[in-house]
Amino acid sequence: MVVWKPAPVAARLTLLLSVLAVSLGGQARDTLPASLSDSEFWALTERISEPGGYFRSNSGSTDNLLSNENNVSTVAAALAARVRPGGVYLGVGPEQNFSYIVAIRPRIAFITDIRRGNLQLHLVYKALFEMSANRADFVARLFSRTQPAGLTAQSSAEDLMNAFLRARPASEAAFNANLKAIYDHLKTTRHLPLTDDDVEGIEYVYQNFYRFGPAIHYTSSIGGSPRMNNYASIMASTDARTGDERTYLASEANFALIKAMESRNMIVPIVGDFAGPKALRATGAYLRERGATVSAFYVSNVEFYLFGAGTFQRFAANLQHLPHTPNAVLIRSVFGRYASPSRPGDASMSRLQGIDELLRDYGAGRVRQYGDIAYR
């Protein structure tokens with residue numbers, strides 16, 4: 001049972017009164033750059049990051065190499081309808097962020113996760129996006145698979161995934177050559193001063209994608225059940241309302257958008273705790289100095305764990321310091337009984353909530369436990 005300790009009345013009142021000031025006022029002239037140099041990119045990552053920490057989900061996974069959500073196309077469609085392009089995107093975790101970035105087309109994105117392994121995962125993605133000419137080339141490199149014949153620029157994500165599910169794994173020598181190309185791109189082409197731990201982490205990530213191929217799922221790396229949504233099914237997911245694919249591999253245009261942002265160093269991986277003293281606040285300070293505002297923040301189900309740890313109050317205070325547009329949204333994933341009280345097993349869904357709405361409700365004392373936000 002989560003025990004909630006209310007914030008002092010004065011603190012909640014201060015939070016409530018400051019929401020509009022943070023979201024609407026005090027912004028500098030817009031000076032957000034269109035690209036970052038390699039040294040600026042790495043300096044920003046290092047300056048904002050906190051020491052790495054530990055995260056263990058209810059599924060037992062400790063590395064989260066893949067999301068476990070199969071509704072990303074539905075969420076992406078909702079985001080595209082609600083959020084204007086050109087803002088700032090914040091997120092957490094692995095590849096689902098790319099689909100949400102495609103949906104809102106931000107100028108810069110920050111992916112913040114308590115595990116340094118997530119930063120290493122995004123460095124693998126960065127290298128592969130930058131080195132790959134198109135979707136088929138990217139997927140072949142990601143899984144070290146022989147590229148199937150017959151794929152075209154018009155192939156759907158489902159066609160792409162089905163073809164690669166049947167594709168032969170490359171030889172171990174080819175895998176090692178691909179891994180070396182990733183290292184060379186990051187260390188020599190991009191001049192990133194990777195640590196020995198980063199090098200080991202990158203190999204761990206890439207080895208798992210090679211081992212499991214497009215059938216990799218959320219708990220593959222720890223021997224989990226194959227009933228989880230795998231990479232292929234997530235990429236081929238469709239919008240529940242229209243049936244359209246909306247993932248980052250749904251089209252060459254979607255892939256090209258992520259490739260362009262990675263090439264301009266505008267997807268910045270950060271190590272940090274949502275309730276920590278530095279990462280989110282330093283991100284907010286960087287954006288405020290440049291007159292930029294957050295328009296969407298994918299928080300997954302991190303709030304569940306913050307309530308469990310008794311640190312949600314600190315997250316709310318950090319959220320308050322993020323400059324954001326008046327219609328900025330949180331993208332929240334909920335699981336089990338919070339998603340479907342009548343079918344709690346593997347039920348999951350995503351919900352959008354305005355950042356200002358959450359801060360007002362919390363400041364007014366209407367958020368006392370996870371259920372107060374999860375059921376919205």
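## A perpendicular helix pair, a pocket and a covered helix

Helices H4 and H11 lie roughly perpendicular to each other, because the angle between their axes falls in the range of 65 to 115 degrees that carries this description. This is a predicted model, in which local features need pLDDT of at least 70 and side-chain atom pairs count only at pLDDT 80 or more, while totals for chains, interfaces and linings use all residues. Residues are numbered from 1 along each chain as its sequence is written, and side-chain values use heavy atoms, with hydrogens and water left out.

H4 (residues 96–104) and H11 (residues 252–263) pack at an angle of about 100°, and their axes are 10 Å apart. In this pair, Phe-98, Ile-101 and Val-102 of H4 meet Asn-254, Leu-257, Ile-258, Met-261 and Glu-262 of H11, where contact means heavy atoms within 4.5 Å.

The second largest pocket holds about 220 Å³ of space. Helix H3 (72–82) and strand S6 (348–354) each supply at least two residues of its lining, and H3 gives the most, with four residues. Lining residues have an atom within 4 Å of a point on a 1 Å grid.

The residues at both sites divide by class as follows.

Helix H15 (residues 355–363) is mostly covered, since seven of its nine residues are buried, that is, under 20% relative accessible area. Among these buried residues are Ile-355, Leu-358 and Tyr-362, and H15 is followed by Gly-365, whose phi is positive, near 80°.

Conventions. 1 Å grid on protein atoms, 1.4 Å probe; cavity = no way out; pocket = protein on both sides within 12 Å on 5 of 7 lines; lining within 4 Å. Points joined across faces, edges and corners; volume = space filled by probe spheres on them. Buried < 20%, exposed > 50% of the residue type's maximum accessible area, 1.4 Å probe, protein only. Axes fitted to C-alpha atoms, helices over the stretch in contact; angles between N-to-C directions. Parallel < 35°, antiparallel > 145°, perpendicular 65-115°, else oblique.
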